[in-house]
Amino acid sequence: MVLLVALLLSNTPAPLRVTLTGVDAPRGGTITCALFDAPAGFPMDSSKSRLLVKARQQNGAWSCEFAAPAGVYAVSVAHDANDNGKVDTNLFGVPTEAWGTSRDVVPLLRAPTFDESKVTLSSEVPLAIKVHP
């Protein structure tokens, strides 16, 4: 019985807070955070994420909050400045709108991978992501 209760509690969703730095708020648009629990779609195909939430600004600071059980995840952030529902890219596929991932992975000629960006999240461990212009 104790084991069953422990398993149920370990899978109970808890608030996971992600603090965003480097956000250029005057640009307008929508800032979203996607929580991935698998490599599929990471970092920019949010339709394959476990959860997708809009960032909120409070007292000048931007953050996203997910209700998910503690576990291994990768988080991506996108600032859709023109509100067209996607991260715009240039001719070479490089984002022209601000973005970021957990662990602040910024490879030179490709997108960050899930494995490079994954972190163990719990409600007690805050996560900060730098949003790159």
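Select cysteine 33 first, then valine 53: the two stand opposite each other, with valine 53 in S3. Keep in mind that this is a predicted model. Now show all of S3, residues 51–54. Four bridges join S3 to S2, and the two strands run antiparallel.

**Stop 1: the disulfide**

A search of the whole structure finds one disulfide. Cysteine 33 lies in S2 (residues 30–36) and cysteine 64 in S5, so the bond ties together parts that are 31 residues apart in sequence.

**Stop 2: S2 and its other partner**

Colour S2 by accessibility. Five of its seven residues are buried, and the strand is mostly covered. Next, show S6, residues 71–80. S2 and S6 pair in the antiparallel sense over seven bridges. Pick alanine 34: its bridge partner in S6 is serine 76.

**Stop 3: serine 76**

Centre on serine 76, which sits in strand S6. Its relative accessible area is 4%, under the 20% cut-off, so serine 76 counts as buried. What lies 2.6 Å from a polar atom of its side chain? It is the backbone oxygen of proline 43.

Now display the neighbours of serine 76. Leaving out residues up to four places away in sequence, serine 76 touches Thr32, Cys33, Ala34, Phe36, Phe42, Pro43, Gly100 and Thr101.

**Stop 4: the four-stranded sheet**

Hide the side chains and show the strands. Four of them form an open sheet in the order S4-S5-S1-S9, with mixed pairing. S4 (56–58) and S9 (127–130) stand at the edges, each with a single partner strand, so one side of each has no neighbour in the sheet. From one strand to the next, the twist averages 35 degrees.

S1 (residues 14–21) and S5 (residues 61–68) pair in the antiparallel sense over seven bridges. Select alanine 14 to find one of the paired positions: its bridge partner in S5 is alanine 68.

**Stop 5: salt bridges**

How many salt bridges does a search of the whole structure find? It finds five.

- Arginine 17 and glutamate 65: their side chains meet at 2.9 Å, N to O. Arginine 17 is in S1 and glutamate 65 in S5, 48 residues apart. Arginine 17 is partly exposed at 37% relative accessible area, and glutamate 65 is partly exposed at 41%.
- Aspartate 37 and arginine 50: the closest N and O atoms of this salt bridge are 3.3 Å apart. Both residues are in the loop between S2 and S3, 13 residues apart. Aspartate 37 is partly exposed, at 40%. Arginine 50 is partly exposed as well, at 41%.
- Aspartate 45 and lysine 48: here the closest N and O atoms are 3.9 Å apart. Aspartate 45 is partly exposed, with a relative accessible area of 31%. Lysine 48 counts as exposed, at 52%.

Key. Residues numbered from 1 in each chain as written. Predicted model: local features only at pLDDT ≥ 70, side-chain atom pairs only at ≥ 80, totals over all residues. Heavy atoms only, no water. Pairing = 2+ DSSP bridges. Axes fitted to C-alpha atoms, helices over the stretch in contact; angles between N-to-C directions. Buried < 20%, exposed > 50% of the residue type's maximum accessible area, 1.4 Å probe, protein only. Polar contact = N/O pair within 3.5 Å; in protein donor to acceptor, adjacent residues only side chain to side chain. Contact = heavy atoms within 4.5 Å. Disulfide = S-S within 2.5 Å. Salt bridge = Lys/Arg side-chain N within 4 Å of Asp/Glu carboxyl O.
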